[in-house]
Amino acid sequence: NILRRHSKSALKERSSGWHLWHNLKAGILPFLRCSALFFHYLSGVPPPAELRVHGPNHFEHLCRYLSLPTNLIDLFRINSDAIDPLIQRWCTNTEIDCYLKNENTAISYPRELNRLIELPNDYSALINQASAFLCPKSGDKSRTPTLCLVCGATLCSQSYCCQTKLEGDDAGEDVGACTAHSFICGAGVGIFLRVRECQILLLAGKTKGCFYPPPYLDDYGETDQGLRRGNPLHLCRERYKKLEKLWQQHSITEEIGHAQEANQTLAGIDWQQL
């Protein structure tokens, strides 16, 4: 009745209480799992052994761990003052209204894990791609074409022609294409491949960065940063997976910090110009 009152005519079918509770449990489980992980690392309270194995009562164990009621009646009765306004806001949301009218699709779980872009096995394919890249502003060939490994965009890095100001920072200094792109693509954190140097560039903000070994190796299992030896290079899936895991675990900033502690000369590089 609460849902029907707030959603007006959007709910065309009257669902049974069991059907509503079944769908609510299925939809809320991913959020409860994330909440349990957050609660564990925030408070240090160890989860019960039952949560380490997925079983039929997984929902109930999660609720008890988070001190939540395990049935719908208690959930509404104990927290009615807080839940009723939340339901009203949920029902009046334009996205929810479109979904109830079959004009939009709902998010399905489990969500697909974000991954870095697919790279070709042969490094020469990237060289050919970079050789055809033209600066979007000057129209000339870029001297330092750089590939964003998050979205696949090719940028004209370390060049005055593509320097720009960050949005909302009109009084600040101009920054390079990679720094500007990292704020658009990764909230200030970027992971790039400098194609002609065969070198990974990690950026965090305007002032922090480091270079990282590339995932391409020659037949001897060695990298060729700077492409000085000229040996054929092929993608090492294990190295690229390690790089991807570094990005997925939000450890780019930490890796930059370790690199700058080990090599003091990195702190002197003007990273925002890249």
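1. A residue counts as buried when its relative accessible area is under 20%. Tyr123 has a relative accessible area of 3%, so this residue is buried. The structure discussed here is a predicted model.

2. Tyr216 is likewise buried, with a relative accessible area of 0%. The structure holds 3 aromatic pairs. In one of them, the ring centres of Tyr123 and Tyr216 lie 4.7 Å apart; the ring planes stand at 70°, and the pair is therefore edge-to-face. Because Tyr123 belongs to helix H7 and Tyr216 to strand E6 (residues 216-217), this pair ties together parts that are 93 residues apart in sequence.

3. A search of the whole structure finds 1 cavity of 30 Å³ or more. The space in the largest cavity is about 30 Å³.

4. Which residues line the largest cavity? They are Leu126, Gln129, Ala130, Leu147, Thr154 and Val195. Sorted by class, the lining has 4 nonpolar residues and 2 polar residues, with no charged residues.

5. The student may next turn to helix H3. Of the 8 residues in helix H3 (residues 58-65), 6 are buried, so the helix is largely enclosed by the rest of the structure. The buried residues are His58, Phe59, Glu60, Leu62, Cys63 and Tyr65. Just after H3, Ser67 adopts a positive phi of about 60°.

Definitions and conventions
Residues are numbered from 1 along each chain as its sequence is written. This is a predicted model: local features need pLDDT of at least 70, side-chain atom pairs count only at pLDDT 80 or more; totals for chains, interfaces and linings use all residues. Side-chain values use heavy atoms; hydrogens and water are left out. Buried means under 20% relative accessible area, exposed over 50%, partly exposed in between (1.4 Å probe, protein chains only). Helices (H or I, at least four residues) and strands (E, at least two) are DSSP runs, numbered from the N terminus. On a 1 Å grid over the protein atoms alone, a cavity is a set of points where a 1.4 Å probe fits but cannot get out, and a pocket is an open set with protein on both sides within 12 Å along at least five of seven lines; lining residues have an atom within 4 Å of a point. Grid points are joined across faces, edges and corners, and a volume is the space filled by probe spheres set on the points. Ala, Val, Leu, Ile, Met, Phe, Trp, Tyr, Cys and Pro count as nonpolar, Asp, Glu, Lys and Arg as charged, and the others, Gly among them, as polar. Rings of Phe, Tyr and Trp (its six-membered ring) pair if their centres lie within 6.5 Å; planes under 30 degrees apart count as stacked, over 60 as edge-to-face and the rest as tilted.
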